[in-house]
Amino acid sequence: MSIQRNDVLYTAVATAENGRDGRVATDDGRLDVVVNPPEEMGGSGSGTNPEQLFAAGYSACFQGALGVVARQEKADLSGSTVTAKVGIGKNTDGFGLIVEISATLPNLAPATARALLEKAHQVCPYSKATRGNISVTLA
């Protein structure tokens with residue numbers, strides 16, 4: 001279910017110059033980075049790239065969602081990490097993305113950890129936005 005404009009609590013604003021081989025900055029100046037295609041895609045690899053930025057945002061958001069469901073379940077997430085791997089490659093209509101989310105949850109039994117990952121995947125805004133559009137697996 002989508003939100004309505006009057007439900008928005010925060011809006012991030014970023015502007016790109018020269019696409020994948022230029023610069024991206026937020027309107028508040030907190031993020032200002034050079035972006036370049038990775039060497040694997042024929043670029044210099046000297047800056048970051050959109051896939052790295054997406055992976056950073058998705059992993060942070062997913063860990064936040066994991067925290068929400070862990071609190072509901074009274075599960076201990078101390079020492080936990082979430083990693084997002086974002087791949088880009090050719091598909092039938094150009095290029096597409098694929099994502100793998102993994103987590104280290106040292107204080108939880110494997111079955112409990114898996115259940116929390118599944119629940120977090122249902123509530124994470126990034127997971128909701130990608131559902132049906134990008135292959136996302138939980139590892």
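**Figure 1. Helix α1 and the elements that cover it.** In this predicted model, the buried residues of α1 are covered by elements that include β4, β5, α2, α3 and β6. The buried residues of α1 are Glu-51, Ala-55, Gly-57, Tyr-58, Ser-59, Phe-62, Ala-65, Leu-66, Gly-67, Val-69 and Ala-70. The helix has 24 residues, which should span 34 Å at 1.5 Å a residue.

Figure 2. Just after α1 comes Lys-74, with a positive phi of about 55°. Lys-74 sits in the loop between α1 and β4. Is Lys-74 buried or exposed? Lys-74 counts as exposed, at 76% relative accessibility.

Figure 3. Four aromatic pairs turn up in a search of the whole structure. In one of them, the rings of Phe-54 and Tyr-58 have centres 5.8 Å apart. Their planes meet at 70°, so this pair is edge-to-face. Both residues lie in helix α1, four residues apart, about one turn of the helix. In an α-helix, residues three or four places apart point the same way, because there are 3.6 residues a turn. Phe-54 is partly exposed, with a relative accessible area of 24%. Tyr-58 counts as buried, at 0% relative accessibility. Tyr-58 also pairs with Tyr-126, and this pair is tilted: 5.4 Å centre to centre, with 35° between the planes. The pair links distant parts of the chain. Tyr-58 is in helix α1 and Tyr-126 is in helix α3, 68 residues apart. Tyr-126 is partly exposed, with a relative accessible area of 30%. Which residues make up the aromatic cluster? Phe-54, Tyr-58, Phe-62 and Tyr-126 form it.

**Figure 4. Helix α2 and its buried side.** Helix α2 runs over residues 110-123, 14 residues in total. From first C-alpha to last, α2 reaches 20 Å, close to the 20 Å expected at 1.5 Å a residue. Which residues of α2 are buried? They are Ala-113, Leu-116, Leu-117, Ala-120 and His-121. These residues lie on the same side of α2, because they cover an arc of only 140° around the axis. They pack against α1, β5, α3 and β6.

**Figure 5. The largest nonpolar core.** This core has 24 residues. Those with the most contacts inside it are Tyr-58, Phe-62, Leu-66, Val-99, Ile-101, Leu-108 and Leu-116. Which elements give two or more residues to the core? They are α1, β4, β5, α2 and β6. The largest share, seven residues, comes from α1. Take Leu-66 as a close-up within the core. Beyond the residues up to four places away in sequence, Leu-66 touches Leu-77, Val-82, Leu-105, Leu-116, Leu-117 and Ala-120. Among these partners, Leu-116, Leu-117 and Ala-120 are buried residues of α2.

Figure 6. Ser-80 lies in the loop between α1 and β4. Ser-80 counts as buried, because 14% relative accessibility is under the 20% cut-off. Which side chain does the side chain of Ser-80 meet in a polar contact? The partner is the side chain of Gln-63, at 2.8 Å. Leaving aside neighbours within four places in sequence, Ser-80 is in contact with Gln-63, Thr-104, Leu-105 and Pro-106.

**Figure 7. Asn-18 and its positive phi.** Most residues other than glycine have a negative phi. Asn-18 has a positive phi, near 65°. Where is Asn-18 placed? Asn-18 is in the loop between β1 (14-17) and β2 (22-26). Asn-18 is exposed, with a relative accessible area of 66%.

**Figure 8. Lys-90 in strand β4.** The place of Lys-90 is in strand β4. At 73% relative accessibility, Lys-90 counts as exposed. Lys-90 and Val-33 are 57 residues apart along the chain, and their C-alpha atoms are separated by 26 Å.

Key:
Residues numbered from 1 in each chain as written. Predicted model: local features only at pLDDT ≥ 70, side-chain atom pairs only at ≥ 80, totals over all residues. Heavy atoms only, no water. Expected span 1.5 Å × (residues − 1). Buried < 20%, exposed > 50% of the residue type's maximum accessible area, 1.4 Å probe, protein only. Arc of directions from axis to C-beta. Contact = heavy atoms within 4.5 Å. Core = buried A, V, L, I, M, F, W, Y, C linked by side-chain atoms within 4.5 Å. Phe/Tyr/Trp six-rings, centres within 6.5 Å; stacked < 30°, edge-to-face > 60°. Polar contact = N/O pair within 3.5 Å; in protein donor to acceptor, adjacent residues only side chain to side chain.
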